[in-house]
Amino acid sequence: MLEAAGYEVVVPLQNLCCGRLLYDYGMLDRAKRLLRNIIDELRSELERGTPIIGLEPSCVSVFKDELLNLFPDDADARRLSESVTLLGDFLAADTSWSAPRLDVKAVVHAHCHHKSVLGTAGDKAVLEAMGVDANWLDDGCCGMAGAFGFEAGEHYEVSVKAGELALLPNVRNAAPDELIVTNGFSCREQIGQCTDRAALHLADIIHLAVGRAQH
């Protein structure tokens, strides 16, 4: 999709992880090693000023929050933080990008980190530019919360109850021709586990629009 927009896309050859789950369990030393590995691997791109696009809100939030807390005086860490952006924010800021049209209705749920740390303005602007009739839910947390919803016993029960407060009923009540959209992997997993719908990422929506425009 980015290549269709005129960009040359480079994917790191090394498997890099932001360590999101490690913070929840207090494994900060291991998390710092993973982040240092990312800084070292991407240093040449950082020096070139290459934008770094993130797809998962919980991962992107690490670079905006935890990274700076763990490396407060590291210039490379600050440069990495400034270089990472969500796909929606990146495209919304690109005045040369021509948004492909997709005249559909969509129910949109924002991941918790997306709402609280990053903001949803970019995604809203992209969907609006595409002509998507988006119903943004005000529905709190999906309940999955990373690994929390996969843990047997009380955590699983709490996870499902949180989802049933608003998100899951809204998804079930969506019309069959309405797309379900959320960028968070946890959110998409909760929807897939607890309803008969499959949620799409913003990248999927744009890819769908590009495909239709080509045909």
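This is a predicted model: local features need pLDDT of at least 70, side-chain atom pairs count only at pLDDT 80 or more; totals for chains, interfaces and linings use all residues.
Helix α8 and helix α12 pack at an angle of about 20 degrees, so the two are roughly parallel to each other. In the contact, α8 contributes Asp123, Val126, Leu127 and Met130, and α12 contributes Leu202, Ile205, Ile206 and Ala209. By residue class, that contact has seven nonpolar members, no polar ones and one charged.

Helix α2 meets helix α5 at about 70 degrees, which makes α2 roughly perpendicular to α5. On the α2 side, the contact is formed by Ile38, Ile39, Leu42, Arg43, Leu46 and Glu47; on the α5 side, by Asp76, Ala77, Arg79, Leu80 and Ser83. Here the residues split into six nonpolar, one polar and four charged.

Here are the two pairs side by side:

| Helix pair | Residues | Angle | Axis distance |
|---|---|---|---|
| α2 and α5 | 28-48 and 75-83 | about 70 degrees | 10 Å |
| α8 and α12 | 121-130 and 202-214 | about 20 degrees | 12 Å |

As for handedness, α2 passes α5 in a left-handed crossing, and α8 passes α12 in a left-handed crossing too.

The structure has one cavity of 30 Å³ or more, and the largest cavity holds about 50 Å³ of space. Its lining includes Asp123, Leu127 and Leu202, residues that also take part in the contact between α8 and α12. Also among the lining residues are His109, His111, His114 and Trp136. Overall, the lining comprises six nonpolar, five polar and one charged residue.

Terms used:
Residues are numbered from 1 along each chain as its sequence is written. Side-chain values use heavy atoms; hydrogens and water are left out. On a 1 Å grid over the protein atoms alone, a cavity is a set of points where a 1.4 Å probe fits but cannot get out, and a pocket is an open set with protein on both sides within 12 Å along at least five of seven lines; lining residues have an atom within 4 Å of a point. Grid points are joined across faces, edges and corners, and a volume is the space filled by probe spheres set on the points. Ala, Val, Leu, Ile, Met, Phe, Trp, Tyr, Cys and Pro count as nonpolar, Asp, Glu, Lys and Arg as charged, and the others, Gly among them, as polar. Axes are lines fitted to C-alpha atoms, for helices over the stretch in contact, and angles run from 0 to 180 degrees between N-to-C directions. Helices (H or I, at least four residues) and strands (E, at least two) are DSSP runs, numbered from the N terminus. Angles under 35 degrees count as roughly parallel, over 145 as roughly antiparallel, 65 to 115 as roughly perpendicular and the rest as oblique. A crossing is left-handed if the near helix is turned anticlockwise from the far one by less than a right angle, and right-handed if clockwise. Contact means heavy atoms within 4.5 Å.
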